[in-house]
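Me: I would like to go through the ligand sites of this model with you. Could we take them one at a time?

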Amino acid sequence: MLHSSYLHYAQLAAALFVVAMLAVLLTAYILAIIWARVYFYRRVNFSPDMLEAGLPGVSIIKPLVGIDRNVYANLETFFTLQYPKYELLFCLESDSDSARMVIETLMEKYPAVEARLLCSPILCGVNPKINNMMQGYQTAKHQLVLISDSGVKMRPEALADMVWCINQKDVGLVHQMPFVDQRPGFRSLVHSAYFGCSHAKSYISANCLGITCCTGMSCLFRRQVVDKLPSGLAYFGRYLAEDFFLAQHIQSRGYRVSVSHYPALQDGTGEVRFLQRRLIRWAQLRTAMVPHIILLELIAECLAAGLLGAWALPFLFPSLNPCACFLIHCLTWLLADYAMLRSCMDTAGVDEKPQFGRVEFVCAWLLCVGMTPLNLLVSLSRSEIVWRNRRFRLSWGGATHEVSSQQKLTNASSKPTL
Ligand SMILES: CCCCCCCC/C=C\CCCCCCCC(=O)N[C@@H](CO[C@@H]1OC[C@@H](O)[C@H](O)[C@H]1O)[C@H](O)/C=C/CCCCCCCCCCCCC
Ligand SMILES: O=c1ccn([C@@H]2O[C@H](COP(=O)(O)OP(=O)(O)O)[C@@H](O)[C@H]2O)c(=O)[nH]1
């Protein structure tokens with residue numbers, strides 16, 4: 001008797017906790033949607049003083065390996081940036097890399113844009129992206145450095161916006177929230193539904209709460225802060241999640257990390273299974289660095305939160321039907337996700353009209369809602385990370401060592417990659 005009343009009180013406490021958690025999640029989500037609607041694509045103007053003094057130069061480092069989808073069109077956007085002073089540093093892992101021809105063609109087409117092609121990576125750690133970028137970093141002329149991944153497209157005004165953001169008081173790093181260039185097709189819609197809904201919700205909430213949550217796919221930082229480390233950017237070569245540690249370092253020096261008004265436009269036309277592999281790899285990195293995060297991510301996802309709610313609400317209010325609770329929860333989540341996606345799109349500009357129908361969106365959304373918890377669970381079951389053609393093993397905290405590259409495994413080439 002005593003035992004069953006304890007059990008009842010424990011269940012009651014758990015049900016109240018779940019309902020409170022769902023209310024917090026919903027409130028946080030609504031705030032994130034409003035934040036995105038107000039913040040993204042806001043036009044900024046440099047002060048006359050700053051314009052008179054001259055805008056600071058930016059060195060843009062583009063690490064490249066092979067040909068990504070739409071590489072020509074994406075890279076071309078870096079030659080047409082509306083910014084007075086910048087240099088492009090294309091970093092390849094070898095001079096026979098297939099991206100070389102594309103870059104040379106673009107450099108010929110835009111001779112007025114200062115651009116260099118570098119093909120001698122510097123081995124300074126396990127992170128191949130850092131090794132590749134170091135050749136650009138060492139020769140970069142400017143104090144502001146933008147790291148921009150190969151698959152990212154830039155709007156003409158985005159660089160000026162990032163420079164404006166970094167010129168605000170105490171800002172040391174500005175990053176773009178990962179999003180997707182709006183292109184027709186179901187694959188692109190799945191990418192949008194992931195990055196514009198679930199991912200955007202977490203990314204924005206974390207950043208609004210002042211939690212370091214920054215991806216290195218497009219981030220601008222002050223070189224003088226990084227160069228306080230004896231080996232500069234090379235220091236981060238020991239980690240695969242160099243972006244996380246870079247942002248932490250900049251904050252530890254007393255600077256703020258801020259989000260650009262323009263999300264990063266990834267290509268998003270790749271196959272869904274590749275997106276899934278990438279998200280599993282990212283989740284593996286997050287688990288190694290911030291282990292409790294996966295639990296938080298799981299319960300903040302639509303399905304898990306819905307199942308918890310479908311148990312807790314009827315427990316507190318027995319007249320409620322669990323299935324109805326679950327369906328209403330999913331519908332609310334779907335509408336919130338759609339509103340989030342629209343807030344990440346430029347509703348006043350080029351993306352004004354979504355290039356997809358409602359039914360298509362619901363299908364893509366269902367795929368993401370099913371895929372996300374699965375990815376998180378798969379990430380927990382894996383001990384190794386595969387990135388491009390290399391295999392790594394992560395230790396708690398993020399330190400990494402390379403297990404083996406596929407080139408070595410298959411013995412396809414006797415020449416090491418680096
Ligand atoms: C309704 C609101 C509910 C919010 C609940 C949120 C719960 C989920 C919490 C966190 C999810 C954060 C997701 C952040 C996205 C990070 C993407 C990522 O994993 N990136 C990693 C990989 O990046 C590439 O890696 C290779 C590198 O070379 C490339 O350049 C990179 O682009 C990246 O390395 C990892 C970054 C670490 C992010 C840590 C985030 C901690 C955030 C804590 C958030 C707590 C939020 C609480 C909100 C209530
Ligand atoms: O061995 C590698 C792997 C990646 N990269 C570069 O690192 C960036 C991010 O790579 P990817 O898109 O594979 O990472 P993700 O965004 O999926 O984490 C891209 O510019 C790649 O060209 C690199 O220079 N060498």
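This is a predicted model: local features need pLDDT of at least 70, side-chain atom pairs count only at pLDDT 80 or more; totals for chains, interfaces and linings use all residues.

Me: Fine. How many residues surround ligand 1, and which are the closest?

Reply: The shell of ligand 1 holds 31 residues, and the closest are Lys129, Glu242, Asp243, Arg286 and Glu297.

Me: Which polar side-chain atom lies 2.5 Å from an oxygen atom of ligand 1?

Reply: That atom belongs to lysine 129. Arginine 286 also places a polar side-chain atom 2.7 Å from an oxygen atom of ligand 1, and for glutamate 242 the distance to a ligand oxygen is 2.8 Å.

Me: And how much of ligand 1 does the protein bury?

Reply: Ligand 1 exposes 1,000 Å² when taken alone, and the protein buries 93% of that.

Me: Which elements give two or more residues to that shell?

Reply: They are α1 (2-39), α7 (186-208), α9 (242-252), α10 and α11 (293-299). Of the elements, α7 gives the most, with five residues.

Me: What is the make-up of the shell by class?

Reply: Around ligand 1 there are 18 nonpolar, six polar and seven charged residues.

Me: Where does ligand 1 lie relative to domain 1 and domain 2?

Reply: Ligand 1 lies between them, because domain 1 (11-37 + 283-381) and domain 2 (46-270) both give residues to its shell.

Me: Which side chain has an N or O atom 2.6 Å from an oxygen atom of ligand 2?

Reply: It is the side chain of arginine 278. For tryptophan 282, a side-chain N or O atom is 2.9 Å from an oxygen atom of ligand 2. Glutamate 93 has a side-chain N or O atom 2.9 Å from a nitrogen atom of the ligand.

Me: What share of ligand 2 does the protein bury?

Reply: The protein buries 91% of the 530 Å² that ligand 2 exposes when taken alone.

Technical notes:
Residues are numbered from 1 along each chain as its sequence is written. Chains are lettered from A and ligands numbered from 1 in the order in which they are written. Side-chain values use heavy atoms; hydrogens and water are left out. A polar contact is a pair of N or O atoms within 3.5 Å; within protein, one must be able to donate a hydrogen and the other to accept it, and residues adjacent in sequence count only if both atoms are side-chain atoms. Accessible areas come from the Shrake-Rupley method with a 1.4 Å probe; for residues, only the protein chains shown count as cover. A residue is near a molecule or strand if one of its heavy atoms lies within 4 Å of it. Helices (H or I, at least four residues) and strands (E, at least two) are DSSP runs, numbered from the N terminus. Ala, Val, Leu, Ile, Met, Phe, Trp, Tyr, Cys and Pro count as nonpolar, Asp, Glu, Lys and Arg as charged, and the others, Gly among them, as polar. Domain bounds come from an automatic or database domain assignment.
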